[in-house]
Amino acid sequence: MLPDQLLAFIQSILQSLSKDENNQIQDFSKLTVEKPKSLSYGDYSTNAALVFAKNFKKKPYELAKLITEKLDLEPNIAKTEIAGPGFINITLEKQALGCIVNTIIDKKSDFGKGDFEKDKNINLEFVSANPTGPIHIGGARWAAVGDALANLLLFAGEKVEREYYFNDHGNQIDNFVNSIIAKYYKNDIPKDGYDGEYIYEIAEKIMPLAEKKFDKLESLNDLELATAKEFIREKSVNIMFGEIKDSLNNFGTHFDIFFHEDDLYKTDEVDQAIEQLREKGYVYEKDGALWLATSKEGDDKDRVLKKSTGEYSYFAADVAYYKNKRDRGFGTCVYMLGVDHHGYIGRMEAVCKAFGDKPGENMIFLIGQFVNIVKNGKVVKLSKRAGNIITLDDLVDAVGVDAARFSLIRSAVSTAIDLDLDLLVSHTNENPVYYVQYAYARCSNVIKNALQFGVDIGKIKSGKGFDSSLLTQTSENDLLTTLASFPDIIKMSAKSFEVHRIARFLETLASKYHTWYSHCRVLPNTPDEIGDLHFARLALNCATAQVLENGLNLLGVSAPKRM
RNA sequence: GCCCACAUAGCUCAGCAGGAUAGAGCAUCCCCCUCCUAAGGGGAAGGUCGCAUGUUCGAAUCAUGUUGUGGGCACCA
């Protein structure tokens, strides 16, 4: 009997009781069936009596009594108990508890998969770093979390595409180009420019080509200089963007779409978007500039679409970009931003409303706090412009992809995390990822040993040749109920866009497995001693491996067969 | 000044659609390999959940206020 079956059963009991009492319950959303905190409470626990006591105008304990009377009639339930203020603790019969092993083995990599509304069609935009430098540590957090979130949502049954918004024009890029030129001629880096070894490397590659084509830059007139700069811009942005893509690939993060800001202008979409909003009465002219009345929809102030110089603002492109996403059929546009851009939410939600959409439904913001790098107990101030950034590549070089991804994912994005690089480098074993991976390696090793004993693992993996009701030890109960909670974890994490829950679940699961492993021997010392209990435990071992693998896959962390 | 996040063990963080004795890892201190991988297990110690009010049968969790920290307030992107 799986948790969701138990939930459905309790729901039906409540319904039948409410008929008796001439009382209808409509909303069951608060009803839960959970693994209780303490093992001594049983396998599962429900809050049914606490939540619905008022509907029945009874004290929780009295309602609990009515419910348990019905629960006790179910053959799969071994014992019920009313505890605390009115919790009902439920202990299942061993065969009902162990059947989760069969389910997992049967569903394999699909175990935990959900079937959400597919019509949502989610666009997940993340990283979207400007090509003015390598991906830094903050981008790395999103690269890990965004990718894992996409995996999670897909697994939960949503339709999702990963998108990177590639901004290759504007002031930042001009600063980038000017910095490259300055660096090459050993001039001072311009104010708001970029510095660092990578600028020099790009300059070394591009500038000789530029000089060959245009002559020394100082000898050019304004028009020629502009042409030369455009040449440098195109080449250097391409190099930078190539490096960014390589870093992301290295990190195991892949995008379905790389969207170029340029395309919005090429196709006139910016004008079209502005026109649409103008028809709705949101656009006006003031001081020679074109404005969007975002304050009508809750923003602090109105925003400029077209500057008095005649150029479009970056914001104008964002407006068009949102419309573009919606026109491409995305019902939900998720923006994953760093805290330094959270001021941006107000105006974008206003845009969303101006188009007649709903923020929170068509437009969702996930705000990620900073990742601080700590050295000698102190937070190091990093800046792309100062050139002392810690890049994604640095991080991967230092700790590897698995450890980097896991440590970035396991914390909620709403909390700032401090990464002590020295600690990560010198004591890599402290990273919980190894704890989880080790559990998987142990599972795999047990399977390997069983094969050497001549056990037909294929038979077990096909769900035959074992009796899961033989799994009666406390540590086995604990492991079984933890495995059974995986689908719920998926559902909850997907609903709340919180991937860190998956990482935390895996840590818990690994812990339960390690405990079980040290308490219950899976295989005997010699092949001829193998009995039914060993087969049952081998099945549990395989089921655990499967769930660990499913979870690690979602996070983009490898599941090694040996360590 | 206005706006947004965050505050839980020595450190890094979970827990927050209100629920039972607030958890994990690391660090500290004990114990466990003649036994499937000790990157493991068992145990000890460690807390006024920033502070104060309120909401209720019940608050780390919700609301208000307050303090502290980080961030944002451009015809920059």
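Mentor: A polar contact is a pair of N or O atoms within 3.5 Å. In this predicted model, local features need pLDDT of at least 70 and side-chain atom pairs pLDDT 80 or more, while totals for chains, interfaces and linings use all residues, and side-chain values use heavy atoms, without hydrogens or water. Residues count from 1 along each chain as written, with chains lettered from A and ligands numbered from 1 in written order.

Trainee: Which part of RNA strand B does Ser411 reach with a polar side-chain atom?

Mentor: A sugar or linking oxygen, 3.4 Å away. The side chain of Lys37 has an N or O atom 2.8 Å from a phosphate oxygen of RNA strand B. Val522 uses a backbone N or O atom instead, 3.1 Å from a base nitrogen.

Trainee: How many residues surround RNA strand B?

Mentor: Take those near the strand (a heavy atom within 4 Å): there are 61, and the closest are Tyr438, Asn445, Asn449, Arg504 and Arg521. Of the RNA atoms within 4 Å of the protein, 68% are sugar or phosphate, and the rest belong to bases.

Trainee: Which helix supplies the largest share of that surface?

Mentor: Helices are DSSP runs (H or I, at least four residues), numbered from the N terminus. Here H20 leads with eight residues; H20 spans 500-519.

Trainee: At what angle do H10 and H11 pack?

Mentor: Packed helices are described by the angle and the distance between their axes. Axes are lines fitted to C-alpha atoms over the stretch in contact (heavy atoms within 4.5 Å), and angles between N-to-C directions run from 0 to 180 degrees. Helix H10 (residues 269-279) meets helix H11 (residues 314-327) at about 85°, axes 8 Å apart. That makes H10 roughly perpendicular (65 to 115 degrees) to H11. Val270 and Ala273 of H10 are among the contact residues, as are Ala316 and Val319 of H11.

How values were computed
A polar contact is a pair of N or O atoms within 3.5 Å; within protein, one must be able to donate a hydrogen and the other to accept it, and residues adjacent in sequence count only if both atoms are side-chain atoms. Helices (H or I, at least four residues) and strands (E, at least two) are DSSP runs, numbered from the N terminus. Angles under 35 degrees count as roughly parallel, over 145 as roughly antiparallel, 65 to 115 as roughly perpendicular and the rest as oblique.
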